[in-house]
Amino acid sequence: KDDVKAQSDLKGLPVHFADLMAICFLKNAELEKAQQKYKGRVVLRGDNIKNQEGWQAVFTEQGASASQMVGAKTLDACARMPGMAGSAADAVSAYTQVKMAWAQEHLKLGEKECPVIWIRLPRDRWPKEWCHMREPVVPLLVNLYGHPLAGLLWEKFLEKQLIKLGWTKLKSCECLFKHKKDRLLLSVYVDD
């Protein structure tokens, strides 16, 4: 960690340090046992990200677009019209589709405004060769759940991919996209 701080000071680039943690939870705990399922994931502790001076990191208040009820109800209404259809789906491992190296581009930040994030692994996850090290850190390579900007990063990444595929964002509703050629509507909801 000290080596990373020294290098960032020399280059004048900001860095952040964060911890990872494993979480496990019972999904659908309120339902019958047959519908319950244990899920686990590794997350970034967004509540304890520090800058190179050891101060709590500050993030922009900018978040992902609001999931607008108007957009959802519009698609529901369209899907129920004669000759129309609708469906809903989750993106699999959505956040980790975004490489942290792309954050500067997606957030339209300058090099000195976009910190590199270094993470500490839980001690029980350390490789054997780390046992002699003091505060080992590794760079965060992909976007992780828990980062204060995780949803926004994924939303910007997805929007760029959709536009490449011929979708356009509707001006009237920030979460709706249309594909004119294929006559499709898409609502994007980024949770957390």
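Two bridges join β6 to β7, and the two strands run antiparallel. Strands here are DSSP runs of E with at least two residues, helices are runs of H or I with at least four, and both are numbered from the N terminus. Two strands count as paired if DSSP finds at least two bridges between them. The model is predicted: local features need pLDDT of at least 70, side-chain atom pairs count only at pLDDT 80 or more, and totals for chains, interfaces and linings use all residues. Residues are numbered from 1 along each chain as its sequence is written, and side-chain values use heavy atoms, with hydrogens and water left out.

Six residues lie between β6 and β7. Four bridges join β7 to β8, again in an antiparallel arrangement. Leu176 has Ser187 of β8 as its bridge partner. Phe177 is bridged to Leu186 in β8. The β7-β8 hairpin has four residues between its strands, and Arg183 in the turn has a positive phi of about 55°. Together, three strands form an open antiparallel sheet in the order β6-β7-β8. β6 and β8 are the edge strands, each pairing on one side only. In a regular strand the side chains alternate between the two faces of the sheet.

Helix α2 lies across β7 and β8 and runs at about 145° to β8. Axes are lines fitted to C-alpha atoms, for helices over the stretch in contact, and angles run from 0 to 180 degrees between N-to-C directions. Contact means heavy atoms within 4.5 Å.

Helix α4 covers residues 150-164. At 1.5 Å a residue, its 15 residues should span 21 Å, and the end C-alpha atoms are 22 Å apart, which agrees. The expected span is 1.5 Å times one less than the number of residues. The buried residues of α4 include Leu152, Leu153, Trp154, Phe157, Leu158 and Leu162. Glu155 and Glu159 are also among the buried residues. Buried means under 20% relative accessible area, exposed over 50%, and partly exposed in between (1.4 Å probe, protein chains only). The cover over these buried residues includes α3 (103-106), β6 (168-169), β7 (176-179) and β8 (184-187). Gly166 follows α4 and has a positive phi, near 100°.

Aromatic rings were examined next. Rings of Phe, Tyr and Trp (its six-membered ring) pair if their centres lie within 6.5 Å; planes under 30 degrees apart count as stacked, over 60 as edge-to-face and the rest as tilted. By this rule there are three aromatic pairs. Tyr95 and Tyr145 form a stacked pair, 6.3 Å centre to centre with 20° between the planes. Tyr95 lies in the loop between α2 (69-79) and α3, and Tyr145 in the loop between β5 (138-139) and α4, so the pair ties together parts that are 50 residues apart in sequence. Tyr95 counts as buried at 10% relative accessibility. Tyr145 is partly exposed, at 27%. Trp126 and Trp130 form an edge-to-face pair, 6.1 Å centre to centre with 65° between the planes. Both Trp126 and Trp130 are buried.

Two of these rings also carry a charge over the face. Arg41 lies over Tyr145, at 4.6 Å from the ring centre. Arg123 lies over Trp126, at 4.2 Å from the ring centre. The criterion is NZ of Lys or CZ of Arg within 6 Å of the ring centre and within 35 degrees of the ring normal.
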